[in-house]
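This report describes the geometry of a single protein model. Please keep the sequence and the coordinates in view while reading.

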Amino acid sequence: MEKCEFCSLTELDKKYLLYENKFWYLFLADRQDYPGRCILVCKRHCAGIADLGKDEWLSLKEVMTGAENLLKAVLKADAFNWTCLMNNAYKNEKPNPHIHFHLRPRYSKPVNIGGIQFVDEKFGHHYDNKLPLLGDNAARELFEMLVANIGEHF
């Protein structure tokens with residue numbers, strides 16, 4: 001079977017790598033519609049949640065906790081939407097899913113990043129997947145803010 005997109009990551013793909021351990025990569029997502037949006041990817045090719053080993057599960061909890069604590073401390077996030085949909089893998093003729101999670105921090109108060117104010121107008125409701133992006137400069141500033149504070153939370 002061909003390598004999937006997560007098994008073929010280049011150094012450019014890893015430009016927003018926030019944290020990694022033996023089992024997981026945590027990236028700041030390229031798509032910053034919700035400030036601090038992250039993607040958590042299993043390092044081992046693993047098709048789904050039920051295929052995770054015990055050590056991967058324990059590590060998953062630690063990384064999720066660290067990510068939430070980081071986003072609470074740096075961005076004052078109030079809540080977190082975690083999703084593991086993996087639908088795109090099944091759009092291919094030969095599906096090759098790789099377990100990963102999307103993390104969307106949610107905010108009860110406005111957040112300012114790179115001179116841009118973000119207001120989570122649907123706070124307390126499902127996230128909106130059609131929000132405008134914050135832009136590359138805001139994403140770079142956000143990445144630097146999170147990296148500067150990551151050691152306290154991992």
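The sections below treat the sheet, its central strand, the nonpolar cores and selected side-chain contacts.

## Basis of the analysis

The model is predicted: local features need pLDDT of at least 70 and side-chain atom pairs count only at pLDDT 80 or more, whereas totals for chains, interfaces and linings use all residues. Residues are numbered from 1 along each chain as its sequence is written, and side-chain values use heavy atoms, with hydrogens and water left out.

Helices (H or I, at least four residues) and strands (E, at least two) are DSSP runs, numbered from the N terminus. Five strands make an open sheet in the order β1-β2-β3-β5-β4, with antiparallel pairing; two strands pair if DSSP finds at least two bridges between them. The edges are β1 (17–20) and β4 (79–83), each of which pairs on one side only. Neighbouring strands are turned by 20° against each other on average, direction ignored.

Helix α1 packs on this sheet, touching β1, β2, β3, β4 and β5, and its direction makes about 25° with that of β2. Contact means heavy atoms within 4.5 Å. Axes are lines fitted to C-alpha atoms, for helices over the stretch in contact, and angles run from 0 to 180 degrees between N-to-C directions.

## Strand β3

Antiparallel β2 and β3 are joined by five bridges, and Leu26 stands opposite Leu40 of β3. Strand β5 (residues 100–106) pairs with β3 over four bridges, also in the antiparallel sense. Within β5, Phe101 is the bridge partner of Leu40 and His102 that of Ile39.

Five of the five residues of β3 are buried, so the strand is largely enclosed by the rest of the structure. Buried means under 20% relative accessible area, exposed over 50%, and partly exposed in between (1.4 Å probe, protein chains only). In a regular strand the side chains alternate between the two faces of the sheet. Here Cys38, Leu40 and Cys42 point one way, while Ile39 and Val41 point the other way.

## Nonpolar cores

A nonpolar core is a set of buried Ala, Val, Leu, Ile, Met, Phe, Trp, Tyr and Cys residues joined through side-chain atoms within 4.5 Å. The largest has 38 residues, and those with the most contacts inside it are Leu18, Trp24, Leu28, Leu40, Leu75 and Leu146. Two or more residues each come from β2, β3, α1, β5, β6 (111–113) and α2 (136–149); α1 gives the most, with eight. Apart from this core lies another, of eight residues, among them Cys4, Phe27, Ala29 and Val41.

Not counting residues up to four places away in sequence, Leu75 touches several residues, including Pro35, Tyr107, Ile113 and Met145.

## Aromatic and charged contacts

The structure holds six aromatic pairs. One of them joins Tyr34 and Phe118 edge-to-face, at 5.5 Å centre to centre with 65° between the planes. Tyr34 lies in the loop between β2 (24–28) and β3 (38–42) and Phe118 in strand β7 (residues 116–118), so the pair ties together parts that are 84 residues apart in sequence. Rings of Phe, Tyr and Trp (its six-membered ring) pair if their centres lie within 6.5 Å; planes under 30 degrees apart count as stacked, over 60 as edge-to-face and the rest as tilted. Tyr34 is buried at a relative accessible area of 1%, and Phe118 is buried at 8%. Tyr34, Tyr107 and Phe118 form one aromatic cluster.

The charged end of Lys43 sits over the ring of Tyr25, 5.0 Å from its centre, and Arg104 lies over the face of Tyr127, 3.8 Å from the ring centre. The criterion is NZ of Lys or CZ of Arg within 6 Å of the ring centre and within 35 degrees of the ring normal.
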